[in-house]
Amino acid sequence: MTDNDPPLAPEELAHRLTEVFALVGPLYRRVQRKVEQAAPIEGLSVGVRAVLDLLREHGPMAVPQMGRAQALSRQFVQRMVNDAAAGQLVEIIPNPAHQRSSLVRLTEGGSAAITAALTREQSLLRQVDGDLTDADVTACVRVLGRMLDLFDHVDVD
């Protein structure tokens with residue numbers, strides 16, 4: 001594909017995007033399983049890992065913000081935050097913008113745990129075979145982002 005390729009017709013685009021969905025589901029489930037298998041190493045469930053990574057990337061957040069960002073129910077995120085807090089991976093702090101919705105912040109231990117998980121995951125991802133280019137990855141991120149935007153209105157609570 002080049003920058004000069006015309007956009008696909010809607011019917012063809014829909015067909016091609018179903019190919020993407022057919023890969024994303026199994027990929028997600030396999031990655032989730034791999035994270036679960038490594039849980040004894042870092043002590044992180046898939047859900048806690050997602051919370052820690054979100055906080056690492058965005059800084060302190062309220063539970064509803066995390067739910068929206070990850071398309072997860074507020075209740076599920078709250079359970080994951082509670083698990084992370086029990087493991088002293090996060091701490092709850094006052095939210096100056098909203099008295100009734102506290103912020104969740106990584107602790108030093110949480111930061112170390114998510115850094116270790118990411119380091120191990122990136123080591124694994126370096127084993128991806130093929131001649132993928134930056135343009136390939138950029139196109140993949142663009143396509144998946146557009147697909148995610150299409151379902152942005154879906155209520156997860």
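1. Let me start with Gln88, which counts as exposed because its relative accessible area is 62% (buried is under 20%, exposed over 50%, partly exposed in between, with a 1.4 Å probe and protein chains only). Gln88 sits in the loop between α4 and β2 (helices are DSSP runs of H or I with at least four residues, strands are runs of E with at least two, and both are numbered from the N terminus). Its phi is near 60°, a positive value in a residue other than glycine.

2. A word on the ground rules: this is a predicted model, where local features need pLDDT of at least 70, side-chain atom pairs count only at pLDDT 80 or more, and totals for chains, interfaces and linings use all residues. Residues are numbered from 1 along each chain as its sequence is written, and side-chain values use heavy atoms, with hydrogens and water left out.

3. Ala71 also has a positive phi, near 55°, and is not a glycine either. You'll find Ala71 in the loop between α3 and α4, and with a relative accessible area of 46% it is partly exposed.

4. That loop, between α3 (63-70) and α4 (74-86), also holds Ser73. Ser73 counts as buried, at 17% relative accessibility. A polar atom of the Ser73 side chain lies 3.0 Å from the backbone nitrogen of Phe76 (a polar contact is a pair of N or O atoms within 3.5 Å; within protein, one must be able to donate a hydrogen and the other to accept it, and residues adjacent in sequence count only if both atoms are side-chain atoms).

5. On to charges. There are five salt bridges, taking one to be a side-chain nitrogen of Lys or Arg within 4 Å of a carboxyl oxygen of Asp or Glu. Among them is Glu19 with Arg16, their closest N and O atoms 2.8 Å apart. These two are about one helical turn from each other because they are three residues apart in helix α1 (residues 10-42). Glu19 is partly exposed at 36%, and so is Arg16 at 41%.

6. Arg56 and Asp53 form another salt bridge, at 2.8 Å from N to O. They too are three residues apart, here in helix α2 (residues 46-58), so about one helical turn separates them. Asp53 is buried at 16% relative accessibility, while Arg56 is partly exposed at 41%.

7. The side chains of Glu91 and Arg105 meet in a salt bridge as well, 2.7 Å from N to O. This pair links distant parts of the chain, with Glu91 in strand β2 (residues 90-93) and Arg105 in strand β3 (residues 103-106), 14 residues apart. Glu91 is partly exposed at 32%; Arg105 is partly exposed at 35%.

8. Helix α5 (residues 108-125) has 18 residues and reaches 26 Å from first C-alpha to last, close to the 26 Å expected at 1.5 Å a residue (that is, 1.5 Å times one less than the number of residues). Its buried residues are Gly110, Ala113, Ile114, Ala117, Leu118 and Glu121. Seen down the axis of α5, they fall within an arc of 125°, so they line one face of the helix (the arc is that of the directions from the helix axis to the C-beta atoms).
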